[in-house]
Amino acid sequence: MKLCRIGICEDDELYRNYLTKIIRKCVLTEDKVGIFFYSDGSSLFSASNRKELDILFMDVQLPDGDGNAFMERFRKENTKALVSFCTNMGTPAADTFKMNIYRYIRKDEGKEKVEKQVAEVIEEYMRRCQYQEFHAGPDKIYLEVPDIMYCEKQKRGTLIHMDGNREVLVSEHLSDIYESIHPHGFACPHGSYIVNMEYITGVNKRMLRLTDDEELGIAPRKWKQFQEDFRNFIE
């Protein structure tokens, strides 16, 4: 899973720390999230990484200006980030919705509700990036589906081969994984594995070749369906 860059633009240090604790409790593992702090609008726009932020939690009332004005400027440089306004104000400004604000979090709504909304922001980011949840022993992990080359059946679970020569052994059965990632361009040429068709460079009736030159056999009883799936994928 690639690094998720999360910005917190908030002048209240206690609230910055509070949001950080919530984020750390959520679905992102410690080494896969980078959290960056900005005490006001000026510090945000003096930061070179603002254009690369994936998520931004921003106070509406900042010491050096109105958060709405800063957000309008931010959106001109970063259109992809999921943005949540954090505020004690009762009603969003009318033009807030023009800036594609994903959440409007009230600071005084209570710990449970704030935590739920922060978690929803992160989960939406993962959904958009096509992350899939797996289990590696007792640990919950998230893999980016487009980086999965193929999944191989094991006696206990499934070995997932990732782009970049990385392998991950997960507890899920191959059939269950296929059901969840099939819509993302995966096919089943053999009962022992499923393949991301994006990585296929060659096919004949007996085998297929992947971008790393690895070859996988095609089961005769799977050939007709695989041929149809692959034809639909490349058309």
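A helix here is a DSSP run of H or I with at least four residues, and helices are numbered from the N terminus. With that in hand, welcome to the tour; the model on your screen is predicted.

**Stop 1: a helix with stacked rings**

Select helix α6, residues 223–234, and show the side chains of F226 and F230, which both lie in it. They are four residues apart, about one turn of the helix. The two ring centres are 6.0 Å apart and the planes meet at 5°, so this pair is stacked. Are F226 and F230 buried or exposed? Both are buried.

**Stop 2**

For another one, select F85 and Y104 and look at their rings: the centres lie 6.4 Å apart and the planes stand at 90°, so the pair is edge-to-face. This pair links distant parts of the chain, with F85 in strand β6 (residues 82–87) and Y104 in strand β7 (residues 101–106), 19 residues apart. F85 is buried, at a relative accessible area of 0%. Y104 has 19% relative accessibility; because buried means under 20%, Y104 counts as buried as well.

**Stop 3: charges over rings**

Next, pick R73 together with F45. R73 lies over the face of F45, 3.9 Å from the ring centre. Then move to K107 and Y15, where K107 lies over the face of Y15 at 4.8 Å from the ring centre.

**Stop 4: an open sheet**

Now colour five strands, β12-β11-β10-β14-β13, which form an open sheet in that order with antiparallel pairing. Which strands stand at the edges? They are β12 (166–170) and β13 (186–190); each has a single partner strand, so one side of each is left without a neighbour in the sheet. On average, neighbouring strands of this sheet are turned by 20° against each other, direction ignored.

**Stop 5: around β14**

Zoom in on β14, residues 193–196, which runs antiparallel to β13 and is joined to it by three bridges. β13 and β14 form a hairpin, with two residues between them. Select A187 and you will find it opposite V195 in β14. On to strand β10 (residues 148–153), which pairs with β14 in the antiparallel sense over three bridges; here C151 stands opposite I194 in β14.

Finish by showing the side chains of β14. Both of its faces are covered: Y193 and V195 on one side, and I194 and N196 on the other, are all buried.

Key. Residues are numbered from 1 along each chain as its sequence is written. This is a predicted model: local features need pLDDT of at least 70, side-chain atom pairs count only at pLDDT 80 or more; totals for chains, interfaces and linings use all residues. Side-chain values use heavy atoms; hydrogens and water are left out. Two strands pair if DSSP finds at least two bridges between them. Axes are lines fitted to C-alpha atoms, for helices over the stretch in contact, and angles run from 0 to 180 degrees between N-to-C directions. Buried means under 20% relative accessible area, exposed over 50%, partly exposed in between (1.4 Å probe, protein chains only). Rings of Phe, Tyr and Trp (its six-membered ring) pair if their centres lie within 6.5 Å; planes under 30 degrees apart count as stacked, over 60 as edge-to-face and the rest as tilted. A charge sits over a ring if NZ of Lys or CZ of Arg is within 6 Å of the ring centre and within 35 degrees of the ring normal.
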